[in-house]
Amino acid sequence: MSTMVTPAFVFASAEIFLSLASVFILLVAVFRRKGTTTFAAWAVVGVFSIAAILILSNSSDQMKTAFFGLFITSPHTEFVKILILVCSALTVILSNDYLKREEISRFEFPILIVFATLGMMIIVSAGDLITLYLGIELQSLACYVLVSIRTDSFKSIKSGFKYFLIGLLSSIIFLYGCSLIYVFSGATEFIKISQSIDALEEDLPIGFIIGLIFVILGLASKISIIPFQTRVEDCDKQAPVPVTIFLLVGPKIAVLSLLIQFLAGHLWFLFDQWQYIIIALASISMFFPSLMMLFEDNLKRLFVYGATAQTGFALMGLATGSDDGFSSILIYFCIYLTMNFGVFAIILSMRQKKQAVDSVRHLAGLSKSHPFLAFSLLVAIFSMAGIPPFAGFLAKWFILISVMDEKLYLLLFMGITTSCLAAVSYLRILKIMYLDELSEPLDSGISNEAQFVIFTTIALLLLFSFVPDPLISVAKAAVSYL
Amino acid sequence: MTNDWPVLSIVTFLPLAGCFFIMLTRGEDEAVGKSSQYIALWTTIPTLIISLFIWVNYDSSLSGFQMLEQASWISDIGIKYQLGIDGISMFLIISTALLIPICIFATWKSIKSRVREHMIVLLVLETTIIGSFCALDIFLFVCFVIAATIPLHLMVGMWEKNSRYHAFFNFSINIFLMFIPLLGAVLFIYGSKSTTDLIILNNANFSRNSQIWLFIAFCIPFMTMMTLFPFHKRILNKQGDGEIGTLIMLTCILTKMGVYGFLRFSIPLFPVATNLFAPYMLVFTIVIAVYALIILMIYKNFKSFVLFTLILQMGLITIGVFSVTEHGIRGGIFMMLSHSFVGAGLIICMKIFSDRLKAEPGHLMNGIPTFLIIHVFILLAVIGIPGTGSFIGNLSIILGVIEHSFLTLITVFTLFMLLLTCLLCVYKRVLFGKVLNHNKINMRDLSLRDLGILSPLIGLVLWMGIYPMPFLNVMSTSISSITDDLKMLPIN
């Protein structure tokens with residue numbers, strides 16, 4: 001009996017450690033007098049590093065289940081979890097100084113990020129619909145509070161509440177889908193679901209497909225793929241920048257990797273059914289944000305739309321259903337994380353007369369006042385636009401090749417044109433940066449953390465365009481078990 | 001000389017190293033500007049010397065690519081980092097390496113603001129252009145080409161007055177015109193042959209339909225680069241208000257990339273499509289040349305004259321290339337070289353007129369004899385007086401067109417004669433026009449720096465005209481390998 005239980009704990013050791021450590025830090029922080037936020041922040045970063053080490057030390061080549069099938073670990077989930085931990089750690093690092101300057105520094109912020117991370121890791125490793133729901137709710141609840149962390153502003157509380165309501169709606173859709181799936185397959189575990197549906201062969205109940213559609217839509221709305229992007233417009237304007245970037249990167253990576261695991265891993269035989277849904281979702285979420293970006297003046301919203309378009313692009317890789325497609329999604333995740341963190345770290349440091357500003361016009365003439373900052377933004381923007389030879393182009397290239405191998409030509413065309421559309425809006429920023437006249441320079445004195453993040457992300461992006469092989473081989477190994 | 005050194009990589013990336021050093025400079029604006037100019041000079045002149053080593057080491061009796069360098073870049077998909085040169089690209093590399101220091105010298109005093117960025121952009125441009133001439137992998141070529149458009153448009157936008165929005169707009173259009181066809185074509189090639197290596201692809205055969213589509217897909221970006229109609233507005237709107245660096249770059253070097261693209265990719269890889277399309281392209285370029293000539297006859301000012309002359313010469317080059325005969329292609333490449341030198345000289349003269357003398361040419365120039373002589377010589381070189389490189393180029397093009405058909409021969413010959421007449425009229429108007437009040441014009445003769453810029457250009461033009469054999473020897477094997485492939489195909 002004891003030999004059966006211990007391996008299970010070992011697989012989930014990172015999550016267990018995270019939950020225990022977060023409670024511990026919370027307790028310590030409550031009773032500390034001074035400097036609680038900084039302590040909490042660095043403690044949390046330390047916790048994330050230990051969790052990452054725990055994941056790496058238990059890595060394996062195969063998919064294993066734990067807790068009677070509720071929990072799955074595989075090379076692919078390990079890869080994604082490390083990415084999520086990196087994302088959260090970077091968010092906490094960036095938030096420290098920013099929150100102090102905005103005077104909303106609270107020690108609950110890092111703790112909430114830990115909870116959200118825990119939720120995301122559970123999503124990634126979910127082996128059962130109930131576990132998946134648990135993870136989604138944990139992550140969403142933490143994020144609802146994070147969005148309205150600025151408690152003295154009415155607008156931010158209002159937007160947090162709106163976010164809560166929309167999240168409620170997506171949870172409802174998801175749960176309805178779950179119930180339909182349970183009714184028609186008789187189980188909530190992924191493995192058992194796939195076994196029972198497989199046994200039915202030709203007699204596939206239509207209710208199951210409807211349930212599946214609802215589940216996918218519920219998940220998609222959680223990561224604000226069109227047409228559920230309303231939360232993007234409102235809450236991302238009011239929420240502080242670290243929260244925006246956290247919401248932008250983390251949940252999307254988590255849910256997308258879950259979709260890979262669930263759809264491609266377990267429901268592989270239903271490929272023809274769900275391929276069309278994914279193609280439709282991908283096309284819509286690539287097309288509309290690229291259009292809306294063209295007229296956007298607010299930098300945060302512009303990059304959030306851009307990130308939505310990029311998520312749609314990554315979804316294209318899922319629609320291919322080939323090993324190449326899945327590994328290219330993983331590579332894309334890495335670069336997506338790096339690019340977005342670089343850009344938002346720069347947005348974070350934009351201040352004018354001690355006020356945080358985020359309009360595109362404030363970037364005018366940046367190349368004269370802050371040449372290196374402008375150069376970093378140039379590298380990140382060219383990466384996002386997908387201009388060779390930068391890293392983003394290579395990531396898009398891999399996805400495009402896998403799409404082409406599967407002969408999905410319409411999707412390919414869609415992908416290329418929407419990339420070019422988005423590229424135009426990104427270039428508009430560049431033009432304002434480099435060609436426009438300098439009217440009022442931004443404050444200098446970027447915080448150390450932001451400098452560190454900007455430097456590392458840009459260096460990684462440049463490094464990838466020259467030496468892409470290590471990352472590619474890791475990504476391929478991660479999906480080879482599927 | 002040692003053949004173990006990766007000479008091509010050094011030539012390509014040395015300017016980038018200089019870029020890095022320039023980024024490290026600190027201090028007052030003026031001091032930073034001066035030091036960045038010197039650093040740029042100290043980077044580009046060794047690049048030039050190393051490229052001359054390439055010439056020395058080149059063996060003109062071998063066909064095929066020389067000085068190959070291979071490294072695996074993205075081993076997963078099989079994209080290699082592969083550089084190599086043959087007779088066509090070698091001279092283009094050397095002429096680029098020569099023109100960039102000349103550009104730096106020419107803008108020594110005229111760029112006053114943001115000198116450091118200007119030098120950085122120039123060096124990055126040099127890297128990408130030389131890289132695109134050396135690249136032997138289609139993916140690498142596309143990367144370099146698209147990377148070359150970035151600094152180009154930055155240059156246009158940053159240092160020309162009132163053209164910021166224009167630069168941005170051009171860049172966006174560029175994306176759609178160049179990026180999508182190139183990317184689509186490379187994806188298609190990769191999909192059908194699962195390699196982007198040029199050496200392997202040269203021996204591969206594409207089906208007739210895919211050749212036609214690929215030819216068109218490659219044609220659009222190359223024509224954009226060559227700034228032929230209907231894409232010639234890109235140079236025109238600048239109307240010579242801009243800094244000299246941008247003008248030289250645009251007209252002399254980027255246009256060559258377009259022609260080089262045809263010679264390296266379209267013609268060898270898609271011979272069937274080339275045979276099919278060549279007559280139409282020939283007619284098209286003749287029409288363009290006639291159009292440019294007609295505009296030339298309506299002489300508005302010297303600046304538009306210079307720009308349209310250069311367009312006309314580009315038209316002549318493409319006439320040579322698309323006659324797909326050995327003489328024609330040879331003439332085309334030779335004209336490319338002389339066009340870059342003569343064009344650079346012409347633009348520098350134009351700038352001396354507008355900036356220094358602040359006068360329209362057309363006023364008698366007393367007291368500046370050196371400039372007068374040089375200016376006259378360059379104008380004659382544009383026409384193609386025997387003794388200048390343009391003459392040999394024109395002759396070869398006419399020989400190439402003779403083999404093609406009699407009607408085209410008549411047309412091209414008439415073109416040349418009309419060009420001669422037109423240019424002589426301009427010559428008269430330029431040099432023997434109305435005399436202005438001498439006191440108002442700053443009649444300073446050419447400084448040592450100007451002489452230093454112009455003399456290598458003139459020397460090269462003279463050399464190419466009087467003793468062209470070194471140039472022609474190098475080109476001939478590469479050209480004959482191209483045309484042999486074409487001749488073996490039946491024309492359908």
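**Helices and chain contacts in the predicted model**

Helix α13 of chain A (residues 299–320) has 22 residues, which at 1.5 Å a residue should span 32 Å; the C-alpha atoms at its ends lie 33 Å apart, in agreement with that expectation. The model is a predicted one. Of the 22 residues of α13(A), 22 are buried, so the helix is largely enclosed by the rest of the structure. Gly321(A) follows α13(A) and has a positive phi, near 75°.

A helix pair was also examined in chain A. Helix α4 (residues 75–102) packs with helix α5 (residues 108–124) at an angle of about 165°, and the two axes are 10 Å apart. Because angles over 145 degrees count as roughly antiparallel, α4(A) is described as roughly antiparallel to α5(A). The crossing of α4(A) past α5(A) is right-handed. On the α4(A) side, the contact is made by Thr77(A), Val80(A), Lys81(A), Ile84(A), Leu85(A), Ser88(A), Thr91(A), Val92(A), Ser95(A) and Leu99(A). From α5(A) come Phe109(A), Pro110(A), Ile113(A), Thr117(A), Met120(A), Met121(A) and Val124(A). Sorted by class, the residues of this contact between α4(A) and α5(A) are 11 nonpolar, 5 polar and 1 charged.

Chain B contains 18 helices and 2 strands. Of its 492 residues, 54% are buried. Among contacts in chain B between residues at least 6 apart in sequence, 80% join residues at least 24 apart.

One loop position in chain B was considered individually. Ser113(B) lies in the loop between α3 (87–106) and α4 (115–134) of chain B. Within 10 Å of Ser113(B) there are 11 other C-beta atoms; because 12 or fewer is the cut-off for exposure, Ser113(B) is classed as exposed. Ser113(B) is 45 residues from Met158(B) in sequence, and their C-alpha atoms are 9.7 Å apart in space.

Between the chains, 25 residues of chain B are in contact with 19 residues of chain A. On the side of chain B that touches chain A, α5 (138–159) and α6 (164–193) of chain B each supply at least two residues. The most is given by α6(B), with 14 residues. By class, the residues on this side of chain B comprise 18 nonpolar, 5 polar and 2 charged.

Terms used:
Residues numbered from 1 in each chain as written. Chains lettered and ligands numbered in written order. Predicted model: local features only at pLDDT ≥ 70, side-chain atom pairs only at ≥ 80, totals over all residues. Axes fitted to C-alpha atoms, helices over the stretch in contact; angles between N-to-C directions. Helix = DSSP H or I, 4+ residues; strand = E, 2+ residues; numbered from the N terminus. Parallel < 35°, antiparallel > 145°, perpendicular 65-115°, else oblique. Left-handed = near helix turned anticlockwise from the far one by under 90°. Contact = placed C-beta atoms within 7 Å. Nonpolar A, V, L, I, M, F, W, Y, C, P; charged D, E, K, R; others polar. Buried ≥ 20, exposed ≤ 12 C-beta atoms within 10 Å, placed from the backbone. Expected span 1.5 Å × (residues − 1).
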